[in-house]
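Please keep the structure open beside you as you read.

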Amino acid sequence: AVLDRYVDQQTHLPKRTAQDWHRLLAEYFAALPAWPARETGKPISLRDREHPMVTRRKVEELPYQYTGAQNWLRLTHVLRDLRFLEAKITAGLMEDLLEDYRRAQSATDHPLIHPLAEVHSFLISQAHILRHFPHLLYQQAANQPAGSLAAILAQESPRSDHWLRWL
């Protein structure tokens, strides 16, 4: 039954390509909330603010699956989303996040991927702080030089928490 579902009986080749499987998995993980407690619309308890629950599997897999699916637009969107980045860092996946940027840059020369190098550099320079205090991501991004991609992403972010900007 498994062979009938996944393998063409005449050619004995898989019915879907690896890129198709990455696309399907990316769609699955994209549908999951990164911060289930935040996305319910209910007030967040003090305990949840101190120990936020992150959908670890989503933040671990989504950039990898988008890269495998060669969906550069969605990959760029995810790797520029400070909410996603904060969730991944909060899950203890800073090294995995940095690898997501390296993987994207080595997988393609697509023009959408080039600006990610600036975000990657920002994360490398701030990793020593963010590993211990991931909630400072927005503040650290906002304090980058005016006009830098990290500062622009912080200014455009829908996050409602308050942070200080160094002038």
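In what follows, contact means heavy atoms within 4.5 Å. This is a predicted model, in which local features need pLDDT of at least 70 and side-chain atom pairs count only at pLDDT 80 or more, while totals for chains, interfaces and linings use all residues. Residues are numbered from 1 along each chain as its sequence is written, and side-chain values use heavy atoms, leaving out hydrogens and water.

**α8 and α10**
- Glu118, Val119 and Phe122 in α8 touch Leu149, Ala150 and Leu153 in α10 (helices are DSSP runs of H or I, at least four residues, numbered from the N terminus).
- By class, this contact of α8 with α10 holds five nonpolar, no polar and one charged residue (Ala, Val, Leu, Ile, Met, Phe, Trp, Tyr, Cys and Pro count as nonpolar, Asp, Glu, Lys and Arg as charged, and the others, Gly among them, as polar).
- Helix α8 (residues 116-130) packs against α10 at about 90 degrees, with the axes 9 Å apart (axes are lines fitted to C-alpha atoms over the stretch in contact, and angles run from 0 to 180 degrees between N-to-C directions).
- α8 is therefore roughly perpendicular to α10 (the term covers 65 to 115 degrees; under 35 is roughly parallel, over 145 roughly antiparallel and the rest oblique).

**α6 and α7**
- The axes of α6 and helix α7 (residues 94-107) come within 7 Å and cross at roughly 135 degrees, so α6 and α7 are oblique to each other.
- From α6, Leu85, Lys88 and Ile89 meet Met94, Asp96, Leu97, Asp100 and Tyr101 in α7.
- Five nonpolar, no polar and three charged residues make up the contact of α6 with α7.

**α2 and α4**
- Helix α2 (residues 18-31) and helix α4 (residues 56-69) pack at about 145 degrees, and their axes lie 8 Å apart.
- Among the α2 residues that meet α4 are His22, Leu25 and Phe29, and the α4 partners include Glu61, Leu62 and Gln65.
- The α2 contact with α4 has eight nonpolar, four polar and four charged residues.

**A pocket lining**
- The second largest pocket is lined by His77, Arg80, Asp81, Leu82, Arg83, Leu153, Glu156, Ser157 and Pro158 (a pocket is an open set of points on a 1 Å grid over the protein atoms alone, where a 1.4 Å probe fits, with protein on both sides within 12 Å along at least five of seven lines; lining residues have an atom within 4 Å of a point).
- α6 (82-90) and α10 (149-156) are the elements that give two or more residues to this lining.
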